[in-house]
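Trainee: Could you take a close look at one part of this model with me, and explain how its helices pack against one another?

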Amino acid sequence: MLEIEDIQSESPGTEMIRTILADTFVLYMKTYTVHWNFVGPDFFSIHKLTEIQYGELAGAIDEIAERLRAVHRTAPVSLDGILNSSDLLEFREKNEFTANVLGDLARGHRLISSRASEASKVLEEEGDAYGSDLMIRRIGDHDKASWMLMSYLEGKSTNGNSHKKI
Ligand SMILES: [Fe+2]
């Protein structure tokens, strides 16, 4: 359990949580963007898959932000701050919203999974068992999302469909 004197200043573990929160928020927006803008014969499948995934990401954003507040840290207050804290790039108008953007989403999930793995170890060392557990659960959810996106792309590459780019 965290002692009150341990939580007055930012720790490496909570800094990592803050970065993961920003990454998760940007990936949430990117997933919504694909949900709205995807085009092609698989529109409906991708529309439904991204609906499930942005819903899961929204729940995670809230849980991670509330964890920061529960350990007496601040939660994000601006989109500008979130973008500055994340290494993920937003989609732009020039992006072609076909199967290639699914690979981009999958890479985002894998990045966050990797960061959550590192954060879980640091938080455990800091004595924050709950924060560590939260990060471990994020690994599972991001790996699952990445698997679903990549499975879709693998199916595309073996059946002769033209949507092969990732
Ligand atoms: Fe929708």
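Mentor: The 26 residues of helix α4 (residues 100-125) should span 38 Å at 1.5 Å a residue, and because its end C-alpha atoms are 39 Å apart, the two values agree; the expected span is 1.5 Å times one less than the number of residues. Helices here are DSSP runs (H or I, at least four residues), numbered from the N terminus. This is a predicted model, in which local features need pLDDT of at least 70 and side-chain atom pairs count only at pLDDT 80 or more, while totals for chains, interfaces and linings use all residues. Residues are numbered from 1 along each chain as its sequence is written.

After α4 comes G127, with a positive phi near 90°. α4 packs with α1 at an angle of about 165°, their axes being 10 Å apart, where axes are lines fitted to C-alpha atoms over the stretch in contact and angles run from 0 to 180 degrees between N-to-C directions. The two helices, α1 and α4, are therefore roughly antiparallel (an angle over 145 degrees). In their contact (C-beta atoms, placed from the backbone, within 7 Å), α1 contributes residues including M16, I20, L27 and V34, and α4 contributes residues including L105, I112, A119 and L123. By class, this contact of α1 with α4 divides into 14 nonpolar, 6 polar and 4 charged residues, with Ala, Val, Leu, Ile, Met, Phe, Trp, Tyr, Cys and Pro counted as nonpolar, Asp, Glu, Lys and Arg as charged, and the others, Gly among them, as polar.

Helix α1 (residues 12-37) also meets helix α2 (residues 43-70), their axes coming within 9 Å and crossing at roughly 155°, so α1 and α2 are roughly antiparallel to each other.

Key: Parallel < 35°, antiparallel > 145°, perpendicular 65-115°, else oblique. Contact = placed C-beta atoms within 7 Å.
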